[in-house]
Amino acid sequence: MTAIHPQPRPHSRIRWRTPITMVILLGILAGGGWWGWNSLINSSAEPTCVEQKLPNNRLVPKQVVLNVYNGGARAGSAQRVADALKQRGFNIGKISNEPKGNKVDVAELRGVAANSPELALVAGQLNQKAVLVADGRTDHTVDLVIGAGFGSVRLKGIPSVQVPAGTTVCLPVIHTPQPVPSGQNPN
C-alpha cells in the first residue's frame, strides 16, 4: 500500500540533552575539585603541638607523648616497657610492632631533632644507649623502638630535663578521652 500523501522528510533535530548533561557534570567535577583544593589549603585541623614556656624551665614526663614499638624484641616487650614508662607519667600514644617492619638491635629513639628535650628525657629512662634519629616530625611526639638486645628501663629514670631559660617548647596536644554520658551509645 502506498501513501496518498508523501511523507515529510524527517527534520534534523539537534539533541541538546547530551551536551547539557556533559556541561552539568563538568561543572560538578570542577566544583568538587575547587572544594577539595580549598579544604586542603585552608585546613581547619587542630594544631599538633602548642608552643609553651615551661614552668621552672623543666620538661617533665607528663608533657611528652611516647609511642612504643617492637622492632625485633620478644612479643609483649613493647607493652611491658610502655606500662613502666606510663607509671612514670609519660602519655603513651601507640603500642605496636614497628610500623615499617624495620628491625633494631637495641633501641632507637625517633623525634623532631636529635637534641630535643623530649628525646633526652626518654633516653634518661633507658639502661642502654639508644640510637637517636631526627625525622623532623611536627607533632613533637617520641617513638621508642626496642629491639632484641633491649634489656629494660632504668630502675629510676631522670625526673625532668632542663631547658634554657626563656625558651618555648612545642608540646604535643594531649587528648583525654571524654566520658560518655549515661544512657548514650558511645558508637
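Which residues of β3 lie on one side and which on the other, and are they buried or exposed?

Guide: This is a predicted model, in which local features need pLDDT of at least 70 and side-chain atom pairs count only at pLDDT 80 or more, while totals for chains, interfaces and linings use all residues. Residues are numbered from 1 along each chain as its sequence is written, and side-chain values use heavy atoms, with hydrogens and water left out.

On one side of β3 are V65, N67 and Y69, on the other L66, V68 and N70, and all are buried, which leaves both faces covered. Buried here means under 20% relative accessible area, exposed over 50%, and partly exposed in between, with a 1.4 Å probe and protein chains only. In a regular strand, side chains alternate between the two faces of the sheet. Because six of the six residues of β3 are buried, this strand is largely enclosed by the rest of the structure. For the protein as a whole, 30% of the 187 residues count as buried.

The strand belongs to an open sheet of five strands, in the order β4-β3-β7-β5-β6 and with mixed pairing. The edges are formed by β4 (91–97) and β6 (131–134); each has a single partner strand, so one side of each is left without a neighbour in the sheet. From one strand to the next, the twist averages 20 degrees. Strands (E, at least two residues) and helices (H or I, at least four) are DSSP runs, numbered from the N terminus; two strands pair if DSSP finds at least two bridges between them.

Strand β3 covers residues 65–70 and runs parallel to β4, to which five bridges join it. Within this pairing, L66 has I92 of β4 as its bridge partner, and Y69 stands opposite S96 in β4. Helix α2 (residues 77–87) packs on the sheet and touches β3, β4 and β7 (142–146); its direction makes about 175 degrees with that of β4. Touching refers to contact, that is, heavy atoms within 4.5 Å, and the axes are lines fitted to C-alpha atoms, for helices over the stretch in contact, with angles from 0 to 180 degrees between N-to-C directions.

To place this part in the whole, the protein has three helices and nine strands, and from the N terminus on its elements run α-β-β-β-α-β-β-α-β-β-β-β.
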